[in-house]
Amino acid sequence: MNKGMLANMYPPSLFKSTISLTVSELTRYLRQLMESDEILQNVWVQGEISNLSRPASGHIYFTLKDSGASLRCVVWRSSAARLKISPQDGMGIEAHGNINLYESAGQYQLNIDTLRPKGEGALHQEFMRLKILLEEEGLFDNDRKRPIPGSIKRIGIVTSPTGAALQDMLNTLKRRNPMLEVFLAGTAVQGDGAPDGLVNAIQILNQIVNPDLILVARGGGSIEDLWAFNDERVVRAIVASQAPVITGIGHETDFTLSDFAADLRAPTPTAAAELATSVTMDEMKDQLEHASSMLESAVNDMLGIKRNETVDCTTRLQYCSPSRRIQNSWQGLDTMTRRMLATQRHRLALEATRLEGVKEHLSSLNPMDVLKRGYSIVTRDLDNGLITRTEQVSAGDKLSVRVKNGTFPVQAQSQDQERS
Amino acid sequence: MNKKSEPIDVDKLTYEEAFSELIALVEALESDEHPLDETMILFERGQALSHRCSTLLDSAELKVQQLSGKNLVDLDVD
């Protein structure tokens, strides 16, 4: 294709002739060659910075070199503003960009758009490899993670004893819940000994202190500074910890494998301390106040109920009291007395009426009344017996005849005359 | 709360112990299953527990210990 382009510019007949290319023509050809190469247009190069210059234009120029070669590099002002690290002479870096040709100097150069510390690419690869490995093993599974206890008493901290992170965490804990007991397991958090130190700190906290929760934390730093937290041993120690672990490593944007393994990941050490104290002392004071008022109202309610019960029972008691029964008895007695008197009166009246009747009846039976009508009563003088039949009378018996206005004597004659 | 055993001296309880006993006690009082004289004892203990909790909250000071090997050493923080 490039040959074709050149062939178009210069017809074959001419090209084969002795006519030479100008320097510009050759250089332009080389430039086009470079700019159409995919590898050269998107390449990472690593080396050491030298001959760095920063002219007032804002562009940055330096040479990247290793033991065998050197490469001119330029960072244009627009890219320079976005660099995450500031290049310095002697610094080992990895640079990304495209190769082009600076025609007037006849020099090819790397136009850089991204810089990172040397080795970071390899670290990233290692990070990804390990992440996939541990992920497949299930160490980062959410269902493996333990809940963070809401109310804690003993908290372990794994961090550098001299770092600002420790002070940040202690200040936060002190502010939010000064009732906590804090156990610091100090360790190096970067460098060769850091992974072993971190593992040991986590293990010994679990063994000796048995805290409710462990914070594993470190302040911000470069990816190399945080690298210990990507160590497989540290990840496994976090997984194996009996106490739940909250990590607060680096800044918001930093994610380490320890973060993935932790039961909870906080963006910073301070945030980790805040998440650890989800129940603050102010909230505990509120809870206590609530419980105290519950206590008061429970007793008041109960006393109220008891008081009502007492009143109720008193009423019932009074109802059952002897005095009431006596009252009742009095009342019963009075009633009975009244009834008795009434009955008696009734009875007397009844008797009186009956007496009157009998008297009338009696008077109707008065033999004297018969005499008034002309009848008479005959008695024998001898025995005063009443004569009602003829056989009772013998001749010569002296008799008395009683008539209306008196009595007169008679003597019986012979009976034969009478009987015939 | 166990009625049978002698209750522990309130001043010896931790905040958590005192607070959870206070809650249990409120629930016991609310259930109204205790004789009156007993509830008054419960109430007085509840007040003592509440006071204990307040005291502990008010006097709380972050206690920091550092692991030195397998030993714990007090650490002064400020």
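## Basis of the model

Because the model is predicted, local features need pLDDT of at least 70 and side-chain atom pairs count only at pLDDT 80 or more, while totals for chains, interfaces and linings use all residues. Residues are numbered from 1 along each chain as its sequence is written, chains are lettered from A and ligands numbered from 1 in the order in which they are written, and side-chain values use heavy atoms, with hydrogens and water left out.

## The two chains

Chain A contains 15 helices and 13 strands, where helices (H or I, at least four residues) and strands (E, at least two) are DSSP runs numbered from the N terminus. Of its 420 residues, 35% are buried, a term that stands for under 20% relative accessible area, with exposed meaning over 50% and partly exposed the range in between (1.4 Å probe, protein chains only). Among the contacts in chain A (heavy atoms within 4.5 Å) with a separation of 6 or more, 59% are between residues 24 or more positions apart.

Chain B has 2 helices and 2 strands, which follow the order α-α-β-β from the N terminus. Of the 78 residues in chain B, 37% count as buried, and its accessible surface is about 4,900 Å², with 50% belonging to carbon and sulfur atoms.

## Salt bridges

Over all chains there are 20 salt bridges, each being a side-chain nitrogen of Lys or Arg within 4 Å of a carboxyl oxygen of Asp or Glu. In one of them, A:R236 pairs with A:E137, with the closest N and O atoms 2.7 Å apart. Because A:R236 lies in helix 9 (residues 232-240) and A:E137 in helix 6 (residues 120-137) of chain A, this pair ties together parts that are 99 residues apart in sequence. A:R236 also meets A:E232 in a salt bridge (3.0 Å, N to O), and these two are separated by about one helical turn because they are 4 residues apart in helix 9 of chain A.

In chain B, a salt bridge joins the side chains of B:R45 and B:E21 (2.5 Å, N to O). Since B:R45 belongs to helix 2 (residues 36-58) and B:E21 to helix 1 (residues 15-31) of chain B, the pair ties together parts 24 residues apart in sequence; B:R45 and B:E21 are both buried.

## A nonpolar surface patch

A:L21, A:L26, A:L30 and A:L33 make a nonpolar surface patch of about 290 Å²; patches are made of residues with over 30% relative accessible area and no salt bridge, like charges being joined within 9 Å and nonpolar side chains (Val, Leu, Ile, Met, Phe, Trp, Tyr) within 5 Å. A:L21 sits in the loop between helix 2 (12-15) and helix 3 (23-35) of chain A, and A:L21 is partly exposed because its relative accessible area is 35%.

A:Q107 is in strand 5 (residues 107-117) of chain A and, leaving out residues up to four places away in sequence, touches A:R72, A:N100, A:L101 and A:Y102. A:R380, in strand 11 (residues 377-380) of chain A, is buried because its relative accessible area is 17%.

Notes. Accessible areas come from the Shrake-Rupley method with a 1.4 Å probe; for residues, only the protein chains shown count as cover.
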